[in-house]
Amino acid sequence: MVKTILKYCLLVLLTAAVITGVVWANIEWSDARCAGVDINIENDEAGVFITRQGIEEDLAKRGISLEGMAINQVPYAAIEDTLLSLDYIETAQCYSAAQPVNTSAAIPTKDFGRVIIDVQQFAPVMRVFREDGTSYYVNKDGKRMEADVRFRKDVPVVTGTFTNAFSEISLLPLINYIGGDKALTELVSTIKVDSPEDIFIIPSIAGHVVNFGDMSNIEGKFKKLQLFYDKVIKAKGWHAYDTISVKWNYQVVATLRNPKKRVVEEYDPQYDEMPVSIDMLTPFPESGDDSVGTKHSKTEKVVKK
């Protein structure tokens, strides 16, 4: 009986302590003033498009000054909307360390009275140059940020003619695929769009261009290109061809850099295959065999004029 009474007394005391703490915390919170703003840029490594000082200045330009403002009057949602309207910010969250989100634990912290802003800066995946001379960055979700001479991010450059039916945003599946592969990221320098059916990839090392065709079968086309590099380019050299086309199903079509020059190469029977030196049609089977076939005679290959 005594133990039961003690348990109930202890429970009453704990409940009273919690209620007292909550009331005290809310009184403190209602009287608190903003003692300062802490701005956290979560992805500093993504680029240098924003600084903490720049965010403070942009908020001030829009009439948002938090220093000394009552904590319970801080327009948290309005601050987030303002930050998200800036093209160089992808995500934003504004809150106060004093705001009791969980009333059962509404105890002021060491940051009591400070407003905290967490942002992720714009992370571009490509830079677009349009025919009218305008230039801007685009992120993985299609959001744009006007290019500024003060900032530069090393991402693939996109040029060409775009329409409402096929805009630069249409290239995002290709751009994001390239960005997910380290080797492709290092390979691709520029993407030039002649038409939705003729998208050209220009490697970072000058030598040839790749006609990627349209936006279909992205993974399959890069596999064909890699196979061509492994089987042919390693033997013939990076500058042997001016154009390598992977736009056709199950084949690669490569055009020699100097098709007017006649070249004769003798076949060495110790090798299983002759070296590739002609305008070539390289068939790729649907699955299984990854061998490279070429058109040639049994004794020599001649580049057509």
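Modeller: One term before we start: buried means under 20% relative accessible area, exposed over 50%, and partly exposed in between, with a 1.4 Å probe and protein chains only. Helices (H or I, at least four residues) and strands (E, at least two) are DSSP runs, numbered from the N terminus. This is a predicted model, where local features need pLDDT of at least 70, side-chain atom pairs count only at pLDDT 80 or more, and totals for chains, interfaces and linings use all residues. Residues are numbered from 1 along each chain as its sequence is written, and side-chain values use heavy atoms, leaving out hydrogens and water.

Colleague: Which residues are buried in α2?
Modeller: G54, I55, D58 and L59. They sit on the same side of α2, because they cover an arc of only 135° around the axis (taken from the directions from the helix axis to the C-beta atoms).

Colleague: And what covers the buried residues of α2?
Modeller: The cover includes β1, α3, β2 and β3, with contact meaning heavy atoms within 4.5 Å. On the face turned away from the buried side, you'll find the exposed residues Q53, A60 and K61.

Colleague: What comes after α2?
Modeller: G63 follows α2, and its phi is positive, near 75°.

Colleague: Nice. In what order do the three strands of the open sheet come?
Modeller: The order is β1-β3-β2, with mixed pairing; two strands pair if DSSP finds at least two bridges between them. The edge strands are β1 (36-41) and β2 (89-96), each pairing on one side only.

Colleague: How many bridges join β2 to β3?
Modeller: Seven, and β2 runs antiparallel to β3, which spans residues 114-121. For example, T91 has Q120 in β3 as its bridge partner.

Colleague: Changing topic: which residues touch the most other members in the largest nonpolar core?
Modeller: L171, L174, I191, F222, F228, Y241 and I244, out of 37 residues. Such a core is a set of buried Ala, Val, Leu, Ile, Met, Phe, Trp, Tyr and Cys residues joined through side-chain atoms within 4.5 Å. Helix α6 (residues 218-236) gives the most to this core, with seven residues. A second, separate core has 27 residues, including I39 and Y88.

Colleague: Last one: how many residues lie between β11 and β12 in their hairpin?
Modeller: Five, and Y250 in the turn has a positive phi of about 60°. The two strands pair in the antiparallel sense over four bridges, and T243 is partnered with T255 in β12.
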